[in-house]
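Let us walk through a protein model, from one chain to a pair of chains. Keep the structure in view as you read.

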Protein chains: 4
Amino acid sequence: MNTLFDKLHEECGVFGIYDKTCDNVATSAYLALYALQHRGQENCGIAVNDDGVIKCHKDAGLVPDVFNREVLEKLGQGSIAVGHCRYSTTGNSSSINAQPLVVRHCKGHMALAHNGNLVNAAQLREQLEMNGAIFHTTNDTEVISYIITRERLMSSSIEEAVEKAMHTIKGAYSLIVMSPKKLIAARDPNGFRPLCLGRTESGGYVFASESCALDSIGAEFVRDIEPGEIVVVEDNEMRSIRTHCGGKSSFCVFEFVYFARPDSIIEGASVHDARREAGRILYQENPVEADVVIGVPDSGLDAALGYSQESGIPYGVGFVKNRYVGRTFIQPSQGQRENSVRIKLNVISETVKGKRVVLVDDSIVRGTTCARIVKLIRDAGAKEVHFAISAPPFKNPCFFGTDIDSRDKLIACRMSVDEIAKSIGVESLTYLSVDGVKRIAKDAKCGFCVGCFTGEYPIAVPDVVKKDKFERKLSEKAK
Amino acid sequence: MNTLFDKLHEECGVFGIYDKTCDNVATSAYLALYALQHRGQENCGIAVNDDGVIKCHKDAGLVPDVFNREVLEKLGQGSIAVGHCRYSTTGNSSSINAQPLVVRHCKGHMALAHNGNLVNAAQLREQLEMNGAIFHTTNDTEVISYIITRERLMSSSIEEAVEKAMHTIKGAYSLIVMSPKKLIAARDPNGFRPLCLGRTESGGYVFASESCALDSIGAEFVRDIEPGEIVVVEDNEMRSIRTHCGGKSSFCVFEFVYFARPDSIIEGASVHDARREAGRILYQENPVEADVVIGVPDSGLDAALGYSQESGIPYGVGFVKNRYVGRTFIQPSQGQRENSVRIKLNVISETVKGKRVVLVDDSIVRGTTCARIVKLIRDAGAKEVHFAISAPPFKNPCFFGTDIDSRDKLIACRMSVDEIAKSIGVESLTYLSVDGVKRIAKDAKCGFCVGCFTGEYPIAVPDVVKKDKFERKLSEKAK
Amino acid sequence: MNTLFDKLHEECGVFGIYDKTCDNVATSAYLALYALQHRGQENCGIAVNDDGVIKCHKDAGLVPDVFNREVLEKLGQGSIAVGHCRYSTTGNSSSINAQPLVVRHCKGHMALAHNGNLVNAAQLREQLEMNGAIFHTTNDTEVISYIITRERLMSSSIEEAVEKAMHTIKGAYSLIVMSPKKLIAARDPNGFRPLCLGRTESGGYVFASESCALDSIGAEFVRDIEPGEIVVVEDNEMRSIRTHCGGKSSFCVFEFVYFARPDSIIEGASVHDARREAGRILYQENPVEADVVIGVPDSGLDAALGYSQESGIPYGVGFVKNRYVGRTFIQPSQGQRENSVRIKLNVISETVKGKRVVLVDDSIVRGTTCARIVKLIRDAGAKEVHFAISAPPFKNPCFFGTDIDSRDKLIACRMSVDEIAKSIGVESLTYLSVDGVKRIAKDAKCGFCVGCFTGEYPIAVPDVVKKDKFERKLSEKAK
Amino acid sequence: MNTLFDKLHEECGVFGIYDKTCDNVATSAYLALYALQHRGQENCGIAVNDDGVIKCHKDAGLVPDVFNREVLEKLGQGSIAVGHCRYSTTGNSSSINAQPLVVRHCKGHMALAHNGNLVNAAQLREQLEMNGAIFHTTNDTEVISYIITRERLMSSSIEEAVEKAMHTIKGAYSLIVMSPKKLIAARDPNGFRPLCLGRTESGGYVFASESCALDSIGAEFVRDIEPGEIVVVEDNEMRSIRTHCGGKSSFCVFEFVYFARPDSIIEGASVHDARREAGRILYQENPVEADVVIGVPDSGLDAALGYSQESGIPYGVGFVKNRYVGRTFIQPSQGQRENSVRIKLNVISETVKGKRVVLVDDSIVRGTTCARIVKLIRDAGAKEVHFAISAPPFKNPCFFGTDIDSRDKLIACRMSVDEIAKSIGVESLTYLSVDGVKRIAKDAKCGFCVGCFTGEYPIAVPDVVKKDKFERKLSEKAK
């Protein structure tokens, strides 16, 4: 839905349910994916395990486009299901990359749903291909499914195979695996991406990227999956394998800043509170004199409220967002394009007219949309515009599951803060400090990955992968 | 998009453009209807006048569903267009009632777009039928088009016919008429529904239900059409006919409370400011002691902010609304339905836990959704819930263009305020007074219709119409 | 489905059913329209009368595109229905012209389905407009509905109004009218277009353009409606009004040649037999020496068989028609277009190689497709190609319900038979004589209209209408 | 389109093109798939090789449903393409099994399109799984792609890998493989299914299941691929590898009887001629006295013509087939179902009334449709009905690429010829002999597989596969 805006994208949301008393796990997965839709809007899918037979439906589109009553009914009456929604960075023919991935190996069928990015995927892929593997997708998930399959041949159980595979795969992964009889969740040793555990009213087990998905099906939040932990549900019982636990916790701090839904509780901290706290620290670090604080909808509103609370500057509603503008929006002609941002976002003039305005948002990516939004406020009569960003500037790519990508696109890589302020036309521009952003989730019990701000990553990233991030090309080997 | 909620509906949004220098009036109408979509989500249409030939496309669905690039191109290259979006109360086969209505009469084609309701439509329809008229739709618009057509036979111009027709039709109408060479806007003498005038950058003229539609195409707001005024655009010139002006201004106050978009300026007053003012007066009239003020998204947020500003009680964000839940939402099964409101609206627990909460919304219709929302807050740990409504209770039907309808459905007709409070489970329930609601739009230069609150209507409503509102039935005359 | 071909079009098929014991008249109408689909492929509709309330669904598209299970169910459980399918000659926005037309007049609702063309529609329309009528469509059907409505005001019954209206409307009409309690069928005094009566197994009454529609619902064919006859079904009883009967019967002979389905029985004659007879007479009139007779699928096959039977020249299968090529066919690029006819129609080389071939079809319209088909046969090795047409050449427009239209498009208006033969590249070209075509339906009890061949029409056609057929333009009256 | 009928299904059509001068191979593939649509109507796909990058689009549906202008344009401007259409026997989620299959292995991407069935697929699949392979589909094509990939690791070229793979895979396969630079066609040593070679006007090479696909793009038929032959196109040159040639030719005779299009030339013989010859031999073997010979459309028409030619009994047109009835046909209610066959197929009464009728069709599968068709003819007044089948009775399953499957469904497995005749209500029932069916394609240079008639198969079929054909179940291995 953010097609007119210039926002970053999370790459996935995952969900799993094991509930022997529920006759409708497909609908539960559907509701949960609705709640996780913000984590991926390009394609989605659900796989249901009906007594060992796995039925799967997945396609390009939002949850309400891909699923309807009839499709859900065809998925059958199983008691285990996995769901996935995805933002695809690869472009054409994206439905082939939709998940869950359902494969058959020597021990039966397996469905996988994965959020994250491996740093050694290319290397593993090459090794597998040298041994005769074939790949249908460009997903890391297919690499993971091969590694698990290989280990499965010499393991006595699927969870043993997952455990062994975790010695091989490196990077970020919140993974859900469904076998004919089990549901398994695993999180990488650094815990880059979120993954939590809940229980349904009837005593079933659910895993989800965020707690808001548990709320949507009336399940109770139990706890986060620990970094490096494997949780196995089988025969209505849950057990934990902690072989890989104890590494350096490095949760993606941008989940708190932007990706996660504000009503989710992650690593013990409220996302909404973290955003308000970001606004508070933002003011503490860079106090500004102004008449009103407004946020850019929807992601800047919470931080704006915190900013107002800390500063005492009144909170105002600066914009109306048109909630009907979808992805099929027809681009207006040249003459009409100037006003295109107003179709999606219009200023409430009374709020800013004649005032010194603090405008809060969570990030600046390329800078073009910001400039237009600032112009809207000025045209509506604002005296001054002070732009406050509730995170540090992006200067480095992310290798762990988001599309913070090419240095060329990131305005903070090309310009100083003063230059950016000038280019978007504001009286002042302030960012949250790296130290500040680490403090926003006050109650969180985890460490943070701030690699996109600092360039220092919690685990080694192969040089070839770093290089590839900038020069991604599909040059086929011939013959 | 409010399918899970229990809200009232405006019945229409209208738009007209006359711009000789614009080669793309269809796209302008499309953008304007996007901005007016909140006024009607069931069907929509655009008619373009290409040198006297009128092409029209209209269908059931939202603007992005009904229109695409190809459809807009087929509408051609004219310089006059009218657009309409509509909420239909009649049910099946609604696309036959879509507007604009395009008819051919003795002097050529004519397209009409209408917002409002006539109180003497049934009476006029009967007279017309006795003279051989046939009706394709159940719209008042078709009645109006007949009346104008009859007058046109004995008038020297279409505007003269419109002027004469205004002696005959009674009730609420903001009307746009397109003839082969002219664009005409007319507003009923009481000015029940909004209608404003703007100018495009290239000097063209536009009419729209709300000023937000002007913003969306970069047009400048000029002024409201006066109650009883007719505005004619012809040969790039605009002129006004004020024969019917000077009546008792009776603008629908609920446009300020709920129907209009907060970024619109109507009758000289900001809608957003009016809502905040409603919150302020609400507190003044009924002060409450509490720890946090939250609004029900999206319509209760502005009043909640005003309430907070007046009371000094901190403003909080109490809910996250799932912006992906659309009309195709699949109803969950019995066991899952309990939580269905959470799919659309989830509580941010941190905001309400352990607190005395003031919950602000603009209205209570049947009360069922309210009760669920209150339960959400209580389940999240709120100590007290005080429900404050930024309008008086609905006790009477509306005859002027909204679906405030049957007394049976309106909870305030069946219960006292105390009983309602008890039924939805709140510590206190307060409504804005009728006197208060008349003061919310401080800068407005108009009078107000508050008939739905008081039962006193600005113009006479025939008894048969009142009766029909409760016992609407299509009993066919036989033979 | 004839988009790649150059064929003439019938303009409508109509259907009506009155069956008190049937709970599913909508499905009956659906099945019947399937059988009548060849008479009109652009839009279709069904109106059901459920105890006086008429529900209607109609749209652009083929029957299977417009109707599905859900739509049929929404039409309800009535016992009277009318259906219509239509080929539209007007182009854009055709769905507004879809039928049945459902209107409300002083005595209740009325649904009309009409096949044919009035010759005085423009004149009637003007008179009506001068009295204040407005028109939503460009259909003659709307004119008819006005005339009936006017008469209804001074008549004691709907059938009396229909009877009086028949004094006013001139031209071709096979008309079905549904009132709250009655189903009425009427055929113009010349009987230009077909209309027959049948009875369902449960004793209900049905009307249809062709008997094949009766077969599709298991109804028994009773008889044709007579030219000028009105048949009224009411209270499970049928009665006939013959006020207008006894005129000069002038059935469209091209129904037998091409429009009607070969399994239909019309005016007492088998359509299939008439086509074989056309082939027989064609050979009798113009004997040719050849090795094989082939028909152009599907319409030339029956005549080819008759030709073979009369001549003793073996019948062969010369072509395979691709039955999957539909209207959404993507036009190939320039280089590929040469072969485009082969995508729809491919030669069976073995049938024609080294042979003298008689190729039979029912008509030549513009000649371009013929030339391509002839080339296919030559490329496959035919020694000689003799083209035999089972009807006389079109030299005049039709004013009675088909699109035999502009003289410019008709090759026979521009060229002699020899010139045509040369232009399409055949050794000989022979047409059936006008006298011959009148004899093809041996058992038919009717007279024939052969105006498109001779220019002599059974009833007077106003000069202005003739003129308009060539210069159709929508020039709007201004102001 | 045969959803109302009870017909057998071919499982696939394949197409490949290599044309360096063509800028639009995707459209060529689209046109060719249209011509091959009769070989598979459930899903289809096209993969285009644009300078080493393979883009693929495939989905459930007919060619016109799956492809449109936009989709074809997205496939890009390559010069090599493969296409596939498919009838799926597996049911749900069939789009996952759509072809071409595009996979990446160690040497780059590869696209495969396959028609046929391996008899050792299950065995190979198990071996591969024991070595760590994972499967996404249930297609034999994926097994073949693995085998080729394994061989590719130790081969100097893709064609060498295909050649080696042919030592491993057993059964029926007409295979097209596209590598980054080559297009390869291969046919199993028995030549079960057809595959031919053609050249485009610009000198490119094309492979197709049937020659009718060559005609549709204006390509010239060159020759059939030999059983066991591999043809490689690279650098605009074609070369043949004949290592596997010289086996026992066993072409599926039912391709001539029913599957192939009558305008195709296969193994040197015209399919249309073979069908007429089948009719001739059918009469020779079982002469009947009668007044008219009619065929069941469309597949019985050619044999009926041959029967008429041999017997001297006049050929008649007995049925009209409704060409608009598609797969979305809504089943009528119980009362209406009796006549359901008439919606698709109606009798021309004049042809059969009072006559002794020979009814010709190519096969009887379950017998239910036959009985209805016979009843139609009797109801229309036929004196006698003699049913003649232009092939021997099916008594055994097919393992080589068709759905002649379970013995339970085949009426000839349960009843004697006399019993069948009685059950469908005919005076006589005659089948073509096995000896006769082998002689229908007079000019064919190949041997034939008649296993479905005799139970004797040209190559060994593992017992487990035979068994599985009757008891196909997906019993998952646990854990």
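Start with chain A, whose secondary structure comes to 19 helices and 23 strands. Here helices (H or I, at least four residues) and strands (E, at least two) are DSSP runs, numbered from the N terminus. This is a predicted model: local features need pLDDT of at least 70, side-chain atom pairs count only at pLDDT 80 or more, and totals for chains, interfaces and linings use all residues. Residues are numbered from 1 along each chain as its sequence is written, while chains are lettered from A and ligands numbered from 1 in the order in which they are written.

How much of chain A is buried? Of its 479 residues, 62% are. A residue is buried if 20 or more other C-beta atoms lie within 10 Å of its own, exposed if 12 or fewer, and partly exposed in between, with C-beta atoms placed from the backbone.

Now pick out one residue. UniProt, in an unreviewed entry, places the feature "active site" at C12(A). UniProt positions are given in the numbering used here, feature names are shortened, and annotations may be inferred rather than shown by experiment. C12(A) is found in strand β1 (residues 12–18) of chain A. C12(A) counts as buried because 26 other C-beta atoms lie within 10 Å. Leaving aside neighbours within four places in sequence, its contacts include R39(A), H84(A), C85(A) and H114(A). Two residues are in contact if their C-beta atoms, placed from the backbone, lie within 7 Å.

Next, look at a helix. Helix α9 (residues 271–285) of chain B has 15 residues. α9(B) is mostly covered, with 13 of its 15 residues buried.

Finally, compare two chains. Chain D can be laid on chain A with an RMSD of 0.1 Å by a turn of 180° and a shift of 0.1 Å along the axis. The two copies are thus related as by a two-fold rotation axis. In chain D, the C-alpha nearest the axis belongs to A133(D), 3.4 Å from it. Copies are superposed by least squares on the C-alpha atoms of residues with pLDDT of at least 70 in both.

These chains also touch: 36 residues of chain D are in contact with 36 residues of chain A. On the side of chain D that touches chain A, the largest share, five residues, comes from α5(D).

Key:
Expected span 1.5 Å × (residues − 1).
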